[in-house]
Each structure stands twice: as C-alpha cells, then as structure tokens.
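Here is a short briefing to keep beside the model while you look around.

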Amino acid sequence: TGPRRQLSLSHPPIPREPGLSVVVPLYNEVDNIVALVHEVTEAVGSLNMEWELLLVDDGSTDSSAELLRGLSTSR
C-alpha cells in the first residue's frame with residue numbers, strides 16, 4: 001500500500017480547535033465522496049459548533065485522491 005494522504009475540510013474555517021472531528025477513511029470511493037461531504041455537512045452543520053471533516057485516502061487506486069485535492073482547493 002502507498003502512503004496515506006489526509007485532507008481536512010472544515011466549516012466554518014477553524015480559528016480554534018474544533019469541538020467535533022469526523023474522521024472518514026476512504027479506499028476507492030470516488031463515486032461517493034461528494035455525497036458523503038454533503039451529508040456530513042448537513043448533519044453536523046446543524047449542531048452550531050466548530051467542527052472538521054478529515055477524509056483519509058487509504059491508498060486508493062481510483063481517482064479519489066484527485067477528487068479530494070480538488071475539494072480542498074475549492075473551499
């Protein structure tokens with residue numbers, strides 16, 4: 001397996017430590033990542049607290065890593 005890559009998406013931008021961290025390992029999940037980010041954002045966003053979403057690519061062989069890079073630069 002290759003090196004693990006980690007992407008941190010947070011909303012709103014974190015000035016301090018988040019009150020909640022959601023960590024999701026991903027392996028060949030390119031078709032599910034956008035829906036996952038949307039669903040987590042909807043569910044956790046209603047908690048009215050600082051939070052972060054950490055998506056960890058566990059050596060995917062599909063284009064999951066490229067999609068994660070694109071998501072990280074679009075925020």
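A polar contact is a pair of N or O atoms within 3.5 Å; within protein, one atom must be able to donate a hydrogen and the other to accept it, and residues adjacent in sequence count only if both atoms are side-chain atoms. With that in hand, you can find one between the side chains of S60 and D57, at 2.5 Å. Please keep in mind that this is a predicted model: local features need pLDDT of at least 70, side-chain atom pairs count only at pLDDT 80 or more, and totals for chains, interfaces and linings use all residues. Residues are numbered from 1 along each chain as its sequence is written, and side-chain values use heavy atoms, with hydrogens and water left out.

**Overall layout**

- The protein has two helices and three strands, where helices (H or I, at least four residues) and strands (E, at least two) are DSSP runs numbered from the N terminus.
- Along the sequence, these elements come in the pattern β-β-α-β-α.
- Of the 75 residues in the protein, 29% are buried; buried means under 20% relative accessible area, exposed over 50%, and partly exposed in between (1.4 Å probe, protein chains only).
- Among contacts with a separation of 6 or more, 83% link residues 24 or more positions apart, a contact being heavy atoms within 4.5 Å.
- The protein exposes about 4900 Å², and carbon and sulfur atoms supply 52% of it; the areas come from the Shrake-Rupley method with a 1.4 Å probe, and for residues only the protein chains shown count as cover.

**The nonpolar core**

- The largest nonpolar core has twelve residues: V22, V24, L26, I33, V37, V40, V44, W51, L53, L55, L68 and L71.
- β2, α1 (33-45), β3 and α2 each supply at least two residues of this core, and the largest share, four residues, comes from α1.
- A nonpolar core here is a set of buried Ala, Val, Leu, Ile, Met, Phe, Trp, Tyr and Cys residues joined through side-chain atoms within 4.5 Å.
- Leaving aside neighbours within four places in sequence, V44 is in contact with L20, V22 and W51.

**Two serines to look at**

- S60 sits in the loop between β3 (51-57) and α2, and S60 counts as buried because its relative accessibility is 11%.
- A polar atom of the S60 side chain lies 2.7 Å from the backbone nitrogen of N28.
- S64 belongs to helix α2 and has 0% relative accessibility, so S64 counts as buried.
- The S64 side chain reaches the backbone nitrogen of V30 at 3.1 Å, and a polar contact of 2.6 Å joins the side chains of S64 and D62.
- Beyond four places in sequence, S64 is in contact with N28, E29, V30, I33 and D57.

**An exposed strand position**

- P25 lies in strand β2 (residues 20-26), and P25 counts as exposed because its relative accessibility is 55%.
- P25 touches V56 and D58, not counting residues up to four places away in sequence.
- The C-alpha atoms of P25 and V56 are separated by 4.7 Å, although the two residues are 31 residues apart along the chain.

**The salt bridge**

- Side chains of opposite charge can pair when their charged atoms come close.
- The count comes to one salt bridge, defined as a side-chain nitrogen of Lys or Arg within 4 Å of a carboxyl oxygen of Asp or Glu.
- R69 forms a salt bridge with E66, with the closest N and O atoms 3.5 Å apart.
- R69 and E66 are three residues apart in helix α2 (residues 64-73), so they are separated by about one helical turn.
- R69 counts as partly exposed at 44% relative accessibility, and E66 counts as partly exposed at 44%.
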